[in-house]
Amino acid sequence: MEEAFSQAVSQTQFGTLDWIIVALYLSISVFIGFGVKKYVRNMSTYLGAGRAVGTCLGIATMTGTEMGLITVMYNAQKGFTGGFAAFHIALAAGIVTFFVGLSGFFVCRLRDMKVLTIPEFYEKRFDRKTRILGGIMLALGGILNMGLFLKVGSMFIVGITGMSAESQALPWVMTLLLLLVLVYTVLGGMISVIITDYVQFVVLSFGILVTTYICIQKLGWTHIMESLETTRGASSFNPLDEGSGFGWSYVAWMAMLGLVSCAIWPTAVARALAMESTQAVKRQYMWSSASFMIRFLIPCFWGICAFVYFNDQAPELGTLFIPTEGGVETANNLYAMPIFLGRILPAGLVGLITAAMIAAFMSTHDSYLLCWSSVITQDILAPMMGRTLSTKARIQLTRLFIVLIGLYILYWGLIYEGSDDIWDYMNVTGAVYFTGAFSLLLGGLYWRRASSTGAFLALLSGLTALLGLDPIQRMVGLKVIDPETGEVTRQIMTGDQVGLLTVAASLAIFVIASLLFPDKQPKSIPTTS
Amino acid sequence: MWQQLWTFLFFGALGIFALMSVWVTIGGYRDIKTLLQRLKDDTSEEE
């Protein structure tokens, strides 16, 4: 199979002109990192860009961060395997983000409190130990969550450029991309992150619109629909149909994740906290709801197009990537979308879209690296050390953790061998943090009787979300796989069901413990100005 | 029904996103200039 795979992927349109476009883009990003270093003078400018970001820039940076290459890859994978039924993820994300913008749910109260991070809110509303535990859970879930970003992003690059024919290309690309991101994130902090996010938004938004137009022009919208219906039937359109691979619990889990990704996930919340006013936050969310929908919709559509193209026009790729009943093992379907784009896009445009995707890759990495490292510094180490940590030391420590987390994701990307879809892997690992955080934000911002003991226990309960992870499910017997055929013979609970149960358990624990162990001196609930 | 829903959602979102891209590209450039100017002024105040 390896030889057939190498031969198939080497037929890309990616050429010298495309390499020049990519190199040019990367140089501009590093140049920005150096250029804005002079504006960094304290933690507020390093982590929050001085809370001076306007609405348009806020939308660009929110989109730039949340529409990462990892997002593009896992959604393409969902489209390739689930068809149009996977569009429900986009619909849920768009509706929920718009609702958050309309109501200011969570984000406006947080912005009014002028906190830099969510754990800082935990201390203001509860106590210091909750902040430290919150920081640990956030860093644990978040760092595990981004563990596969580097590998999956690099798979796009090697797939679209045709480098996947070279067996050692992947680790080399991973290392090179990591070095680039580390350089400008360490130097410029949030200011360089926001400006590179803007550049990415411009390149990416126009790149994806043109690419989508070419996909429709080459395959035809009606043909795509008909082809999918013929090969996979009605379940490739209806997410509630159990044959679609989704079902009711999965759709409910996606609605929850829609709220999490815009109003609880710290990289998104950090954008809200950097805005100049709560009105700007609301506008940012309402407009970004289109981006939150698009970030799922378009890559998912590209995945669908890859499936239709492989099935109808490139049978050699169909044999490689589309599984048949009792057929031979197929290639990793994460490569399907980049290989498809490498085939259909003309030279020049394929370079532009690759540059846009590298931009997407970098803007997500820089934001995530900055976010998790600042949480470790601001919310774990600084509260533990009292007032002894100077601003200069905090910036230096944040930079050190950026590098250490970077090295971890390089290592994790090379060793992890779970069989989860990337999107499902990310949801489970993220749930370690957000299941507890959801309870604390809901209770802390809107319930007077919420107590620090309840908060502490609710945070700890998030650890049960790890039971949704494929290797752990197999280890504890929640999922049994036939060693000979590799097929799942028994699964007691799926990842999405574990996630929903963890949310319910966390809320229940929070309420019961708050009622049983109230705070002696309850803190007031923040209100929106 | 599902096919019509996804067609409407896809092209509707695509249209809104295209318009938003133009608006954000222009407005974002203006915001960057304002942001850098504010940060520059803050620095000179400190010094």
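**Exercise 1. Which residues have the most contacts inside the largest nonpolar core?**

Solution. The largest nonpolar core has 187 residues, and Ile264(A), Val269(A), Leu297(A) and Ala359(A) have the most contacts inside it. Helix α15 (residues 278-312) of chain A gives this core its largest share, 21 residues. Such a core is a set of buried Ala, Val, Leu, Ile, Met, Phe, Trp, Tyr and Cys residues joined through C-beta atoms within 7 Å. A residue is buried if 20 or more other C-beta atoms lie within 10 Å of its own, exposed if 12 or fewer, and partly exposed in between, with C-beta atoms placed from the backbone. Helices (H or I, at least four residues) and strands (E, at least two) are DSSP runs, numbered from the N terminus.

Before going on, please note that this is a predicted model, in which local features need pLDDT of at least 70, side-chain atom pairs count only at pLDDT 80 or more, and totals for chains, interfaces and linings use all residues. Residues are numbered from 1 along each chain as its sequence is written, while chains are lettered from A and ligands numbered from 1 in the order in which they are written.

**Exercise 2. Find how α15(A) and α17(A) pack, and what class of residues makes the contact.**

Solution. Start with the axes, which are lines fitted to C-alpha atoms, for helices over the stretch in contact, with angles from 0 to 180 degrees between N-to-C directions. α15(A) and helix α17 (residues 336-344) of chain A pack at about 70 degrees, their axes 9 Å apart. That makes α15(A) roughly perpendicular to α17(A), a label for angles of 65 to 115 degrees. Next, list the contacts (C-beta atoms, placed from the backbone, within 7 Å): α15(A) contributes residues including Trp302(A) and Phe310(A), and α17(A) residues including Met337(A) and Phe340(A). By class, nine are nonpolar, one is polar and none is charged. Here Ala, Val, Leu, Ile, Met, Phe, Trp, Tyr, Cys and Pro count as nonpolar, Asp, Glu, Lys and Arg as charged, and the others, Gly among them, as polar.

**Exercise 3. Describe the side of chain A that touches chain B.**

Solution. First, 34 residues of chain A are in contact with 27 residues of chain B. α11(A) supplies the largest share of that side of chain A, eight residues. Finally, the side divides into 25 nonpolar, eight polar and one charged.

**Exercise 4. Is Phe106(A) buried or exposed?**

Solution. Locate Phe106(A) in the loop between α6 and α7 (107-112) of chain A. Its phi is near 65 degrees, a positive value in a residue other than glycine. Phe106(A) is buried, with 24 other C-beta atoms within 10 Å.

Notes
Angles under 35 degrees count as roughly parallel, over 145 as roughly antiparallel, 65 to 115 as roughly perpendicular and the rest as oblique. Two residues are in contact if their C-beta atoms, placed from the backbone, lie within 7 Å.
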